[in-house]
Amino acid sequence: GPKSWVARAILHYLRIWDVSAAGRVDHYIANSKYVAGRIKRIYGREAEVIHPPVEIDRFSRGVEKRGDYFVTVGRMVPYKRFDLAVVVCTRLGLPLRVVGEGPEFGRLRRLAGPTVTFTGRLNDNEVAEQVAGARAFLFCGQEDFGITPVEAQAAGVPVIAYGRGGALETVVGPDGEDWSKATGLFFDEPSAESLAGVLKRFEKNEDKLEPEAAVKNASRFGVERFRSELRGSVESELE
């Protein structure tokens, strides 16, 4: 109808303006290779990759003893796919702690079985404690970068992530049978079946994932590194 015609006309104008404006940019910086690829595909421009700063020190305190639960953290919105973690852990009878709040909270509660606990919103220190005590961190959405998987690794906690987007740059899977540098596992499809299969694989190989490897990997994303890289990029462009 008329609203659709108006919307199409406006979007057509915005696309023309966007491409024109994009051509006037001196230098692009992307927060991941995944986003740099999107900039290349849409605008035909190369982008320098500078990963975001992560407060790894807040999560690197460690714990004396790990708990027996899995954990996932974030704002409960559909694209983060908390429902996958809730449904699969309910189905497999695995303890899961869901930290955070958001519009999906009610639906997730209805999907959850007795092994799933919702903590609600916690302060920074409480979040760090929940993450540090977990067997593994579940990251089921596709994001441009994803801060929380890096925070989990800083605490020495392995990550089970959907194998798309920024997680492929922050989590290291096993190299065949070599688990020495591995910091987690990936599931290939955004489905309960795919996640369940990887959780079962994790349980069989959990002792091969060394906390030290996760901590070392997370150290690549610290705040000082970000400041140095961003400062260097800007100074280079101003020369």
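Which residues does arginine 135 touch, not counting residues up to four places away in sequence? In this predicted model, where local features need pLDDT of at least 70, side-chain atom pairs count only at pLDDT 80 or more, and totals for chains, interfaces and linings use all residues, arginine 135 touches Gly67, Asp68, Tyr69, Phe70, Val157, Pro158, Phe202, Glu203 and Glu206, a contact being a pair of heavy atoms within 4.5 Å. Residues are numbered from 1 along each chain as its sequence is written, and side-chain values use heavy atoms, with hydrogens and water left out.

Arginine 135 sits in the loop between α5 (124-132) and β6; helices (H or I, at least four residues) and strands (E, at least two) are DSSP runs numbered from the N terminus. With a relative accessible area of 17%, arginine 135 is buried, the classes being buried under 20% relative accessible area, exposed over 50% and partly exposed in between (1.4 Å probe, protein chains only). Its side chain is joined to that of glutamate 206 by a polar contact of 2.8 Å, where a polar contact is a pair of N or O atoms within 3.5 Å, of which, within protein, one must be able to donate a hydrogen and the other to accept it, and residues adjacent in sequence count only if both atoms are side-chain atoms.

Proline 158, one of the residues touched by arginine 135, lies in the loop between α6 and β7. Proline 158 is buried as well, at a relative accessible area of 12%, and, leaving aside residues up to four places away in sequence, it touches Arg135, Ala136, Phe137, Thr183, Phe202 and Leu209.

β6, helix α6 (residues 147-154) and β7 make a right-handed β-α-β unit; right-handed here means that, with the strands pointing away from the viewer, the path from the first strand over the helix to the second runs clockwise. Helix α6 is mostly covered, seven of its eight residues being buried, and the elements that cover those buried residues include β3 (70-73), α5, β6, β7, α7 (167-170) and α9 (211-218). After α6 comes glycine 156, whose phi is positive, near 80°.

The largest nonpolar core has 30 residues, and those with the most contacts inside it are Phe70, Leu96, Leu138 and Ile160; such a core is a set of buried Ala, Val, Leu, Ile, Met, Phe, Trp, Tyr and Cys residues joined through side-chain atoms within 4.5 Å. At least two residues of this core come from each of α3 (82-92), β4 (96-99), β5 (116-120), β6 (136-139), β7 (159-162), β8 (184-187) and α8 (192-205). A second, separate core of 26 residues includes Phe59, Tyr69, Ala132 and Ala161. Leucine 138 touches Phe70, Val71, Thr72, Ala85, Cys89, Leu96, Ile160 and Leu199, again not counting residues up to four places away in sequence.

Charged pairs complete the picture. Side chains of opposite charge can pair when their charged atoms come close. The whole structure holds 14 salt bridges, each a side-chain nitrogen of Lys or Arg within 4 Å of a carboxyl oxygen of Asp or Glu. Aspartate 83, buried at 12% relative accessibility, meets arginine 81 in one of them (3.0 Å, N to O), and arginine 81 counts as partly exposed at 24%. Arginine 107 and aspartate 83 meet in another (3.9 Å, N to O); arginine 107 lies in helix α4 (residues 105-111) and aspartate 83 in helix α3, so this pair ties together parts that are 24 residues apart in sequence. Arg81, Asp83, Glu104 and Arg107 are linked in a network of salt bridges.
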